[in-house]
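Please examine the sequence and the structure displayed below.

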Amino acid sequence: MIILFTFITYSYSRCAFSVECQGNNCDPLEVDTEPFVARVSQCPHMDGTMVCCNKNQDDQMQRNFQAIDASFGNAGGGCDICAYNLKKFWCEYTCSPNQSQFLTTNGYTNMKDPLNPKNILKVQLVEIKVKPQVACDMWSSCKRTQFASQVTAMKTPGGFFNFQGEQAVGQAKQFISVKFVDNDEETINFDFVPDCKYEYPPGPDGKIVTPDGFVISERCSCNNCDLMCHDEEILYKETGVFEGFNGYLVLWVWAGAILIAALITGFRYYKQKANHEILIDPI
């Protein structure tokens, strides 16, 4: 009975895309296949289960996850909970056995490589459906990270997700459009931690590992997580009108400007007077 139920479940689950590599050149492919059992080193909670990602995609995620740690994790002045949430999102996007329920491919187009504008890439067009609340909660865990706070495009939940999708052009030859739909049955669904204050207890060896196998290097701080700040800590201090104002420096600058203006005016006056005397005929 359990075997029959599993078969029925996965018979309605389909994979929407895959990746094929020739050496270091990898291209996304549109597929319509059933999930399969595979090793997934970058998504420990999916390793050895029914998935839609192959070895090429696992290798891609390894490189992308290193970039996530450097940009959004503690190593890059960010928060490891944010990095953890993003990894869980991309694991689900790439490997979920229910991929076709929330993801559709729409052919290909030519786009400039963001890393090398002179290079034109054949890019797969992808649309992914995300619940608005999921977008808001994930963004909340990342909005105070150094990288997200410096990029204007990531100032809102929608902008945050669309920025991720646009970056996929250079990283995976995909342009990912995000459609926000408030429906559990047709949106990407996965477990994540909306609370950047959340702390996982260290294991016997001192390492912090989430129940689904992801490593957390250290807890987030007040610098990148509002919820980690105490009441007496000032999160945002408005800049005063005279913030950074140096009165002595301004005084000397104005004094120098006035002196230079006086010298120029005097020079012009004496030059005009001399020219006037030359033009007067002697008696």
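**A helix pair and a cavity**

In this predicted model, helix 3 and helix 5 touch through a defined group of residues: Cys82, Asn85, Leu86 and Phe89 of helix 3 meet Met138, Ser141 and Cys142 of helix 5. Sorted by class, this contact comprises five nonpolar residues and two polar ones, with no charged residue.

The geometry of the pair may now be considered. Two packed helices are described by the distance between their axes and by the angle between those axes. Helix 3 spans residues 80-95 and helix 5 spans residues 132-142; their axes come within 8 Å and cross at roughly 145°. The crossing of helix 3 with helix 5 is left-handed.

How many cavities of 30 Å³ or more does the structure hold? There is one cavity of that size, and the volume of the largest cavity is about 40 Å³.

The lining of the largest cavity consists of Phe89, Trp90, Ile128, Phe161, Gln164, Gly165, Ile176 and Val178. At least two lining residues come from each of helix 3, helix 7 (157-172) and strand 7 (174-180). Helix 7 provides the largest share, three residues. By class, the lining has six nonpolar residues, two polar residues and no charged residue.

Methods:
Residues are numbered from 1 along each chain as its sequence is written. This is a predicted model: local features need pLDDT of at least 70, side-chain atom pairs count only at pLDDT 80 or more; totals for chains, interfaces and linings use all residues. Side-chain values use heavy atoms; hydrogens and water are left out. Axes are lines fitted to C-alpha atoms, for helices over the stretch in contact, and angles run from 0 to 180 degrees between N-to-C directions. Helices (H or I, at least four residues) and strands (E, at least two) are DSSP runs, numbered from the N terminus. A crossing is left-handed if the near helix is turned anticlockwise from the far one by less than a right angle, and right-handed if clockwise. Contact means heavy atoms within 4.5 Å. Ala, Val, Leu, Ile, Met, Phe, Trp, Tyr, Cys and Pro count as nonpolar, Asp, Glu, Lys and Arg as charged, and the others, Gly among them, as polar. On a 1 Å grid over the protein atoms alone, a cavity is a set of points where a 1.4 Å probe fits but cannot get out, and a pocket is an open set with protein on both sides within 12 Å along at least five of seven lines; lining residues have an atom within 4 Å of a point. Grid points are joined across faces, edges and corners, and a volume is the space filled by probe spheres set on the points.
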